[in-house]
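Work through the following exercises with the sequence and the model open beside you, and try each task before reading its solution.

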Amino acid sequence: MNNYPTQIKKTLITASLFFLAAMQLVIGQSKNEEIEELIKLYHEYGKFNGSALVAEQGKIVYQNGHGMANMEWDIENGTDTKHRLGSISKQFTAMLILQLAAEGKIDLQAPIDNYLPEYPNGHETPITTHHLLTHTAGIPNYTAFPDFFKDKSRNPYTPDEFVETFKDKELDFTPGEKFSYSNSGYFLLGVLIEKASGKSYETMVHNYIFSPLNMKDSGYDNHKDIMKNRATGYEKYGDGFINSNYLDMSIPYAAGSLYSTVEDLYTWDQALYGNKMLSKEYMDLYFKPQIKAFGNFDYAYGWGVGYDKIGSSKDSIYTIAHGGGINGFNTIISRAPSDKSLVVLLNNTGGAPLNQMTQSIRAILKGESYKLPKASGAYEVLSVIQSDGVEAGEAHYKKLKDDDGFDFNENQMNEIGYLLMGEEKISEALEVFKWNMEAYPTSFNTYDSYAEASMKAGNKEDAIKYYKKSIEINPGNQNGIDKLKELGVDTADLVKEIEVADAILQSYIGQYELKPGFIISISKEGKQMKAQATGQPMFDIYPKSDSVFYLKVVEAQIEFNQTDGKVDSLTLFQNGQEMPGKRLQ
């Protein structure tokens, strides 16, 4: 179903290298050395490319850059590399709001139409600035709109122009009723800052925060500006990277358009321990838990606050933290007031496992255990197939599959199958897809891929058989339906409309926590059920039965589970994995 480049860099990362690295981490290293070895492993395995800084007791114990800030010019990441922050920007927006409140220019509990008279706010419970700060306003999240990335994300807007795109949307819930992460709310906070101050958001964040703290390498990321040490954003693609999609930075605005360096964010962290930015009263309010948000975390004003794991130990530590994700970048800043420790990770290749890295780094600081990253087993197998043939590749696959030093997943195995197809090695690709079907028998995509390779090999019978199997698992597999039509198969009876009673649909509405910080929200618009995962767009879901629903746009299914007649959990089936999620009360 997915096409990938026909050539990838052939790398061989052996289990002995993994073992050697593991041994090095336990033999008398300093914290600096141990953190360096850990992050080097993540970089070596293609899982981190960026800048990092770690502090303890307020003092820097580690800072370094890994990989390239610009891959085309071979410019390395450093501690002075400027990365887009994404949603880390929200803590600066919240700080500006509190600074204006301290000046008497904003009342946090007053309706926002006191400051934004053009914004509709005629609800029984009016939206307040507090609601916007805590993601409890009920305003739909504009990055989840179906047309956002396709129709809006590349175009420049003024703040007032962009507000027009969502201001008349119906609220998702009554303001103050619950938490639902919304970039729209923080975008509005930026407009509110401009109206209350008479200055642009960019000017305010510079004058009120960056300039007083001498954060000279931080600011609002305007595409037109010539900026020294600006990192380029990339996305993982196969075993390499591609340039990330363009995003006009007028759109993230106060919800995510700032840039900074790990060094400047250390300066920011230190400033937050005193009353330099605000009085004690307002600083306490800034970090005060306001509402249950992600897993063990509550949401304060622009921060998540709660207990985070320390490595693989049973211990945890209270942290004040926030992550960010924006085209080509993902980021995290995690502060622990009890020991004045800080972890800042700014990655310019998107999708890095920053929460896992942060927990492991904290384990190093505390002398606790943690898990090392693993090399990709799929690329190892590909190298053997290309050099020694598919039989040797199968033997290597079976050997590495049980090796704890390697990571196997459905997507990467599927990917190498397509890479082999791109090299016209169809029989080898069929073998890889077959191994994947055996490993992930509940995934429609493994059968779809095998069918595609069979079709290319001229085996019409197998192509039809496995496309039908993929549609049986996922009736929303439009690619499979289209291919069967090409093969002359009547598909009229393959997908049947299923109607589920409205009372049953209503019983599924709610939030389900799959892991700390990752929640799937189920909602309903008319007869259409919808699902939205944390930080992701909202998707329509369609019934396969009374309790099982599927997505048409991505490979996933959701099954709702009951105990004593009450819906208390769901199970997400994706990429051959089953992820249970408990319903939040």
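**Exercise 1.** Determine how the lining of the second largest cavity divides into nonpolar, polar and charged residues.

Solution. The model is a predicted one, in which local features need pLDDT of at least 70 and side-chain atom pairs count only at pLDDT 80 or more, while totals for chains, interfaces and linings use all residues. Residues are numbered from 1 along each chain as its sequence is written, and side-chain values use heavy atoms, with hydrogens and water left out.

Begin with the term: on a 1 Å grid over the protein atoms alone, a cavity is a set of points where a 1.4 Å probe fits but cannot get out, and lining residues have an atom within 4 Å of a point. Next, list the lining, which consists of His 131, Leu 132, His 135, Thr 136, Ala 137, Gly 138, Ile 139, Ser 180, Ser 182 and Gly 185. Finally, sort by class, where Ala, Val, Leu, Ile, Met, Phe, Trp, Tyr, Cys and Pro count as nonpolar, Asp, Glu, Lys and Arg as charged, and the others, Gly among them, as polar; the result is three nonpolar, seven polar and no charged residues.

**Exercise 2.** Classify the aromatic pair formed by Phe 549 and Phe 560.

Solution. Rings of Phe, Tyr and Trp (its six-membered ring) pair if their centres lie within 6.5 Å, and planes under 30 degrees apart count as stacked, over 60 as edge-to-face and the rest as tilted. By this rule there are 29 aromatic pairs. In the pair of Phe 549 and Phe 560, the centres are 5.7 Å apart and the planes stand at 85 degrees, which makes the pair edge-to-face. The pair links strand 22 (residues 548-551), which holds Phe 549, to strand 23 (residues 557-563), which holds Phe 560, 11 residues apart; strands (E, at least two residues) and helices (H or I, at least four) are DSSP runs, numbered from the N terminus.

**Exercise 3.** Is His 396 buried or exposed?

Solution. Buried means under 20% relative accessible area, exposed over 50%, and partly exposed in between (1.4 Å probe, protein chains only). His 396, placed in helix 13, counts as buried because its relative accessibility is 18%. Leaving aside neighbours within four places in sequence, His 396 is in contact (heavy atoms within 4.5 Å) with Glu 380, Val 381 and Val 384.

Technical notes
1 Å grid on protein atoms, 1.4 Å probe; cavity = no way out; pocket = protein on both sides within 12 Å on 5 of 7 lines; lining within 4 Å.
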